[in-house]
Amino acid sequence: MNIQWYPGHMAKAKRQMIEKIKQIDVVIELVDSRIPSASRNPLVDEIASGKPRLLLLNKIDMADPAATAAWKSYHERRGLAVHLVNSQTGQGTSSIAGSVHQLTSQRRKKMEEKGFKPHPDRALILGIPNVGKSTLINRLAGKKIAKIGDRPGVTTAQQWIKVGKTMELLDTPGILWPKFDDPEVGLRLAATGAIKEELLDFQEIAFFLVQLMLQRYRNQLAERYHLSVLPELNRNDQDQEKIIGLFDAIGKSRGCLMSGGLVDYDRTAEIIVRDYRHQKLGCLTLELPAEKTI
Ligand code: GDP
């Protein structure tokens, strides 16, 4: 799903979300494991402020397991509860209600002290478009609930879905806008397909992917495109030429040639980006905790 975000939409989404969160005990924030920082909304801390939080790194099947483990421990060291999930298969989702229950223990204790019977743990799934919110809600509900294509600003009657014995989940996710003022973040979002295609330049995204693979995922790059020699990057002016040289090699090996035998960089770039999105390049994570942007 792609939504165009304008200042008015963002202000409205923020207001609605702050209102919604008032009736919630725990905020479940969903991010894409391939871009655990770029796929966060910049204001999520403010919007969820004061509420216990559970962070879910979703789409773990598409990310580099070592990088996912690094992200998990990074957040855990800062006191955040983290789960690794694959919403498509349900992997890691059965323990969510239990973690949410732990996060509400103080609130329940306070209510009991006052003589009230605590209500079920009320949770909301929050995240930017395309991180898998609807897929996860459907998975937790055990049936198709979340309407894929939900839009911010459109109010529908909300319902609570029972998940296990202790948790109630809002049937509509909280949708927040992606961060788009930082070009580096934009590239990471675009590489995964999280932002609108017509806003992007495939050559720029492919350049970013090839550069990253030369630094971290050399074997996968060589294997996919049958490259016997890969250049070393030295972080200087010649790096750009080396990457263009690789585009030539990839374009030739994939038959992306124009008349006169010149490599068609547009087509080559599109192949690289689509290969990444369809996991033909393997499970690559595009950012590590040291490169986080929020
Ligand atoms: P939403 O916009 O946040 O509600 O995202 P969706 O639930 O519509 O999911 C966006 C895309 O990601 C869909 O094509 C889903 O099938 C896919 N998806 C969601 N979760 C996972 C996951 O854990 N692994 C994989 N491989 N794909 C997922």
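**Notes on the ligand site, core and cysteines**

1. A polar backbone atom of Val131 sits 3.3 Å from an oxygen atom of the ligand, a polar contact in the sense of N or O atoms paired within 3.5 Å. A polar side-chain atom of Lys133 is 2.7 Å from a ligand oxygen atom. On the nitrogen side, a ligand nitrogen atom lies 2.7 Å from an N or O atom in the side chain of Asp61.

2. Before going on: this is a predicted model, where local features need pLDDT of at least 70, side-chain atom pairs count only at pLDDT 80 or more, and totals for chains, interfaces and linings use all residues. Residues are numbered from 1 along each chain as its sequence is written, and side-chain values use heavy atoms, with hydrogens and water left out.

3. Around the ligand there are 17 residues, and Asp61, Asn130, Lys133, Ser134 and Thr135 come nearest; a residue counts here if one of its heavy atoms lies within 4 Å.

4. The largest nonpolar core has 58 residues, with Ile28, Ile96, Met167, Leu169 and Leu209 making the most contacts inside it. Such a core joins buried Ala, Val, Leu, Ile, Met, Phe, Trp, Tyr and Cys residues through side-chain atoms within 4.5 Å. Buried means under 20% relative accessible area, exposed over 50%, and partly exposed in between (1.4 Å probe, protein chains only).

5. Cys256, at 0% relative accessibility, counts as buried, while Cys283, at 30%, is partly exposed. The structure holds zero disulfides, meaning cysteine sulfur pairs within 2.5 Å.

Methods. A polar contact is a pair of N or O atoms within 3.5 Å; within protein, one must be able to donate a hydrogen and the other to accept it, and residues adjacent in sequence count only if both atoms are side-chain atoms.
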